[in-house]
Structure formats: structure tokens, C-alpha cells
Amino acid sequence: MNGPELDEKLTQQRAELKRRNAEALVGGGKARMEKQHKSGRLTARERIEILVDPGSFVELDRFRTHRCLNFGMEDKQFPGDGVVTGFGLVEGRQIFLYAQDFTVFGGSLSETQAEKICKIYDLAMKTGAPVIGLSDSGGARIQEGVASLAGYADIFCKNTLASGVIPQISIMMGPSAGGAVYSPALTDFIFMVRDTSYMFLTGPDVIKTVTHEDVTMEELGGAGTHNTKSGVAHFACDSDASAIEAVRQLLAYLPSNNTEDPPRVAFHDDVDRREQRLKALIPAQPNKPYDVREVIKCIVDDFHFLETHAFFAQNIVVGFARMMGSTIGIVANQPQVLAGALDIDASDKAARFVRFCDCFNIPIVTLVDVPGFLPGLSQEFGGVIRHGAKLLYAYAEATVPKITVILRKAYGGAYCVMGPKHLRADLNFALPTAEIAVMGATGAVSIIMREEINLARDKKARLAELVADYEKKFQNPYKAAELGYIDEVILPEDIRPRLCQALSALRNKRDDSPRRKHGNIPL
């Protein structure tokens, strides 16, 4: 082949590549892309562009197509087959991602699409990088039958094997129905977009047919439902763009894998800052409510706290912050809601968060103000014992640095599950206002001194005297300190300095558990 012929061939090859790339970049076509925009949603590639650092995205398997020959599918081929996969950088850090393209067969999962997603997972696990899934799918591709179901199961297996090895984040940016919801459910954090994303196993029409219940898609599986009622989702955002930006913020707190320490950033907050506002924020009165989030903000770097699961089980607060520039996880009872009592949902929420932190080497700071477990038939019949045991299990199992501060009340079994010394917490502090006991003074005295009270001429006055005596002797942190369960009683304004010192001391902590395949958490 002479020079001109070779040049002509190269020109044709370049033209063919350009044509194929152009075809792939429009997904299901411009008309469907416009329809996606009219529904308030971005396209898969537009979402990726917002997520990754400019110019960093490398796409894989752009030209892959399905292999289905039934129902006329052989004549319906789209490059990429409804999912865009690849890798890129977020704030300079490596991530792998997939983004389902609703403009191609409604983003439905095919055997080929599953193979593309599984390839991304394999690469992410080998390189120790997070996976972010941008879901926008109508479910399994019906034309492929069991092959599409097998594809889902393959992805579920990858989700499970990657769990605790690399962070997995799901962004729900459209419908997700049937088996499609289980992959996000296996990941660490789920973001949903209000009014445009939905998750449910069976849709409103099926529910209407089977149970005769009328429900809208939003009521059944919208962002509000899963952030407040079911607890399936961790974040609710107003748009595709805001959801992606929220994911970028979360990633800044997380290590890339389970062998790395959490990211450390430059900080300017004083480690010895003694926040005087804490003296007024935490009431001396045991039954007066306050917002524990304000306490958290006062003790962390730059008053910044990223709360997760903010709208679910609001009687407990969990989330990420930094101290001395390093990521920490915070678990705190919320006296503003149900007086901070633990219940089924709060136990699940906190246990899941504690286990995530332990997976990824994130120290756990626990702020305790808990009157006990929420009483009631619905709680007992719902298995509050089993659910509370999950939280106990999570704390006992965790080997990362664990520091607990008892702000006010720590009663009964709730004391036992909120990071006490007995569950291998490293350092336990208490404020002078802390009350560590089996129950409140009035309840305890009414049981212990029942006969003496009944014999008294003025039962009310005698009860008050005995309660005051009990409070003086037991309703304080000093008995626990005498027994070594509390390492130090500190003032509210000293919480931040002492936590910074404790975290520094525990930075190289190593702890082991008995050798085993895995434990059997009470699910």
C-alpha cells in the first residue's frame, strides 16, 4: 500500500471512529434526551460531567451492545447499551463510576449492561477506589428474560464482596423498580432527588391490584418516603446537580478503601478552643430538651458537621466532621426528639453508621444523653431487643478509636449500648451533669424504698427526701469514675480540647478480635 492509499485508509478509520463516537454520545437520540430534560433530569453524560473533575473521565466499553435476538431486539442496537461506565477523578482522587442512560431502553438492565458494571467493580476493587452508581432505570430488560435477572445477581454479588473494602455510593436519579433497588440497598450511602427519583419493589398499579391500596409513586417510593419513613435513603436533594455536589462533599470525608486512613486536610481551628457556649447549650435540668447538633458543631473543626440520615430516626444523630483536620464519625442522642430515647429505627441507623466507620478506619465519637429505650407494644412486638442488640454488637465489634462523652443522662440498657467502656471504648468522659444509673432517681427510689415510703406519714415528702439523697449518692458521674468506667469528669468547655488530645493519643491504636469467618449480627 503506497503513501496516498495509506493516508486515505487512515482518514477513513478516523472518520469511522468519529462517527461511532458521535453515535454513542447521543444515547437513545436527541428526542429522548430532550424528553429527559423536560422531566427535570439530566442525561447520563451530563451527570458524569458534573461529578468528575474537568477532563478526567475515561469511558470504557463505549461501543458494547446487547446480544438479544428476540422480540426484534436484533434491530435495536445502541452503543453502550444504556449505561456509561469508566473512571475519573473527584477533587483529584480516583473513583470508578457507572451512569445508567434512561434514553436507551429506559435504562433497563441487560446482560451486557451488567457485565459493564461488574467490570467497573472488579477494577475498583483491584485499585482500591470508590464506586459511584448513578441509577436511572426501569428495571430488568424483559426481552432478555432470565439473562437480565442473572445480571442483577452478578451485580449484587459484586456489591457484597466490595462491602467494607471500598466505599459504594448510589445516586438515585430516576425510577428504580423491582430487583433494581437491591444493588443500591447493598451500598453504603443512597442519595435521592426529590420529585424525580423513586424506589420500590412493586409499583402503585400492582399494589392497587393485590391489596386495593391507592398510592402515588411519590408516596410509595419517593425521596421523602425513603428519607423519613423507610430509612432506605440517606440524603434527599432538590436536583440532579445538587445530589452530585452532595456526593462530592461526602467523598471528601471518606478514605478510598479499607487500608487507608481517612483524608486529612489543612485546618485552622484551635485545638485548645474552649467553647464557652457549651455551658449554656447543655441544660443542667435532666428533662429540658436541646439540639445536640449545636453541641456537635461547637466541638468540631470550623463548626462544620455533615449529617447523614438526617430525616430518619431523628432521636439519634449521625454524621461526619473533622477534628485536627481528620475525619471522625459522630453518634449522638438527640434530646429534642423522643427525649433522645433509643428505638428500633434509631438502633438500626446508629449501628449501620458505626459499622461503616469501623470498616473504613474512621474514629467514632459518641455523645450520650439517653433516658433509655422507648417503651411500648409496637417497639416490643417490632423486635426492639433484636434491633438494640445490633447497636450493641456494632460498638463491641468496632476496633477503631472510640471515645465517649456522657453529656447528661445515661440510663439502663441504653447506657450499655452507647459506647461504654464495657464495649471496648478507649476513653470515656463525662460532664459533671452526667447521670449514670439503672433508671431515674424517682423510679429507682419508688422501687427500692417502696416499703419505707408507704410507712411514712407524708409519703410525698418522704419520697422527695429519698430522691434527693439518691441523686446525691448515685445520680452523678463519680460512682462510675470510682469504678473506672469513666476516665475523667470534664467541664463542657473542655470537650473539644480533650477530644483532640484523645484522638491524637489513639491515632496509632491497634485492636484485635478473635479469629473467625465472621460474626452473626442479630439482623
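User: How many residues does helix α1 have, and what distance does α1 reach from its first C-alpha to its last?

Analyst: In this predicted model, helix α1 covers residues 3-25. The span expected at 1.5 Å a residue is 33 Å, and the reach of α1 is close to that value.

User: Are helices α4 and α5 roughly parallel or roughly antiparallel?

Analyst: Helix α4 (residues 111-127) and helix α5 (residues 146-162) pack with their axes 8 Å apart, at an angle of about 15°. Because angles under 35 degrees count as roughly parallel, α4 and α5 are roughly parallel.

User: How do the residues of the contact of α4 with α5 divide into nonpolar, polar and charged?

Analyst: The crossing of α4 and α5 is left-handed. Among the residues that make the contact are Ile117, Cys118 and Tyr121 of α4, together with Gly151, Ile155 and Lys158 of α5. The residues of this contact divide into nine nonpolar, two polar and four charged.

User: Is threonine 196 buried or exposed?

Analyst: Threonine 196 lies in the loop between β7 (189-193) and β8 (198-200), and the residues that threonine 196 touches include Arg41, Met173, Pro175 and Asp240. Its relative accessibility is 12%, and because buried means under 20%, threonine 196 counts as buried.

How values were computed: Residues are numbered from 1 along each chain as its sequence is written. This is a predicted model: local features need pLDDT of at least 70, side-chain atom pairs count only at pLDDT 80 or more; totals for chains, interfaces and linings use all residues. Side-chain values use heavy atoms; hydrogens and water are left out. Helices (H or I, at least four residues) and strands (E, at least two) are DSSP runs, numbered from the N terminus. The expected span of a helix is 1.5 Å times one less than its number of residues. Axes are lines fitted to C-alpha atoms, for helices over the stretch in contact, and angles run from 0 to 180 degrees between N-to-C directions. Angles under 35 degrees count as roughly parallel, over 145 as roughly antiparallel, 65 to 115 as roughly perpendicular and the rest as oblique. A crossing is left-handed if the near helix is turned anticlockwise from the far one by less than a right angle, and right-handed if clockwise. Contact means heavy atoms within 4.5 Å. Ala, Val, Leu, Ile, Met, Phe, Trp, Tyr, Cys and Pro count as nonpolar, Asp, Glu, Lys and Arg as charged, and the others, Gly among them, as polar. Buried means under 20% relative accessible area, exposed over 50%, partly exposed in between (1.4 Å probe, protein chains only). Lists of a residue's contacts leave out its neighbours within four places in sequence.
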